[in-house]
Every structure is written in structure tokens, then in C-alpha cells.
Amino acid sequence: MKKNYRWLSHILNFIAVILGVYLAFYINQEAQSSREKKEGILLMNSMINDLESDIKVYVDYQIPANIKYKEEVDSLLMLLVTNNFEAINEQLPKILQVENYVPTTSTYTSMKSSGKVKLLKGLKLQKDLSDYYDGLVEECIHKNELQVTFFLDELMHWLILNADFLEMALPKDADFRVLQNKLIIYSSFVDQKIKNYEMIVEDSELLKQQLDSLVNR
């Protein structure tokens with residue numbers, strides 16, 4: 001009887017050890033899961049703030065400013081075609097101010113470099129974030145750079161050679177066909193950039209809605 005009791009005691013002790021290890025493992029996993037969930041919510045809130053800020057900048061300033069800028073470039077082009085020199089000289093300074101903006105990427109870049117993108121549950125959300133930040137935002141950077149490079153290398157180069165910056169005037173005997181062609185190309189770059197900005201606003205709003213639904217779940 002005592003022998004059977006000892007065997008039963010050993011079995012119960014063994015079961016207790018197994019249960020203790022399992023319970024400790026379960027508690028640790030739950031604690032880790034809770035920490036990751038809280039960190040994921042903090043990261044999503046940070047991205048929501050980034051997106052909200054970017055949307056405001058684009059809607060309130062960048063898109064309207066660039067639409068107006070393109071109109072001014074096109075207006076100068078039409079004035080060159082009609083040889084309206086007095087109006088040309090008044091319009092010229094307006095195209096010398098370039099407005100660009102790139103969405104905030106600090107939160108996503110930090111998550112990506114540290115491998116914390118996996119804290120955001122759902123493959124669709126991870127793909128949507130990659131499409132936005134690694135796709136659309138990178139395209140925005142490229143279009144901004146393309147506009148600035150063309151502006152400096154083509155438009156400003158031509159103006160430096162031909163314009164009087166003290167008087168902010170173009171000489172009447174200059175060959176304006178070259179400038180007209182450059183403005184046509186330049187206007188298309190600005191137009192492409194505006195369309196990219198509008199796509200950024202649309203995708204930012206969709207991402208923000210996705211993140212809001214997850215944070216407030």
C-alpha cells in the first residue's frame with residue numbers, strides 16, 4: 001500500500017511540475033502578447049497622427065498651392081506665345097517659388113527597421129502600409145526631385161543665361177521657343193506631382209480609417 005502511495009505521490013508531483021511549467025509559460029506568453037498589443041496600438045496611434053498631419057498639409061496648403069503654381073506656369077507659357085512682354089515680366093517671378101512636401105515616414109521606417117511591422121496584425125494592413133510608404137511615398141519623393149531637378153537644370157539655367165534678374169525681365173530678342181518647350185515639359189511634371197499628392201490624400205484617409213478601426217476595436 002505504501003509503495004502504491006509513493007508512486008501516486010511521484011505521479012502527482014510530476015503532474016504538478018508539468019502544470020507549473022505550462023502555467024508559467026502561459027503567463028509569460030500572455031504578458032508578452034499584452035505588451036506587443038499595447039506597443040502595436042501605440043505605433044498605430046503614432047501613424048494615425050502622422051497621416052492626419054500629412055492630410056492637413058496637403059489639403060490645406062500643398063495641393064491648392066501647387067494647382068495655383070501650375071496655373072501660373074501655364075499663364076506664363078500663354079503670355080510667351082502671345083509675346084505680351086509687359087505681362088511676361090510681371091508673371092516671371094511667380095514661377096520661381098517651388099512648393100514640395102513628402103509624407104511623414106518616421107514611424108513606419110522605425111517599425112520596418114526594427115521588425116515591428118509584425119506587431120500590426122493582419123496581412124492586408126501590412127501590405128497596404130507597404131504599398132503606401134514603399135510605393136506611393138517613394139513615388140512622391142521621385143516626382144518632387146524630378147520637378148526640382150528640371151527647374152534648376154533647365155528653367156533656371158535658361159533664365160540665368162537670358163533673363164535680367166535685377167529687373168526681373170526677359171529680353172525681347174531672346175528665342176522663346178526653347179523656354180516655351182521647357183515650360184510645357186515642366187508644367188507636366190507639376191501636374192503629375194499634383195495627381196500624386198491627391199492620391200496620397202486618398203490613400204492616407206483609407207489607411208487612417210483602417211488604423212482607427214483597429215485601435216478602437
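Is Tyr197 buried or exposed, and what is its relative accessibility? Tyr197 is buried, at 0% relative accessibility (buried: under 20% relative accessible area; exposed: over 50%; partly exposed: in between; 1.4 Å probe, protein chains only). The model is predicted: local features need pLDDT of at least 70 and side-chain atom pairs pLDDT 80 or more, whereas totals for chains, interfaces and linings use all residues. Residues are numbered from 1 along each chain as its sequence is written, and side-chain values use heavy atoms, without hydrogens or water.

**View 1. The pair of Tyr58 and Tyr197.** The whole structure contains nine aromatic pairs (rings of Phe, Tyr and Trp, the last by its six-membered ring, with centres within 6.5 Å; planes under 30 degrees apart are stacked, over 60 edge-to-face, the rest tilted). In one of them, the ring centres of Tyr58 and Tyr197 lie 4.8 Å apart with planes at 55 degrees, so the pair is tilted. Tyr58 belongs to helix H1 (residues 2-82) and Tyr197 to helix H5 (residues 176-215), 139 residues apart (helices: DSSP runs of H or I, at least four residues, numbered from the N terminus). Tyr58 is also buried, at 0% relative accessibility.

**View 2. The pair of Phe150 and Phe189.** The planes stand at 80 degrees and the centres 5.3 Å apart, so this pair is edge-to-face.

**View 3. A cluster of rings.** Ring pairs join Tyr69, Phe150, Phe151, Tyr186 and Phe189.

Definitions and conventions:
Helices (H or I, at least four residues) and strands (E, at least two) are DSSP runs, numbered from the N terminus.
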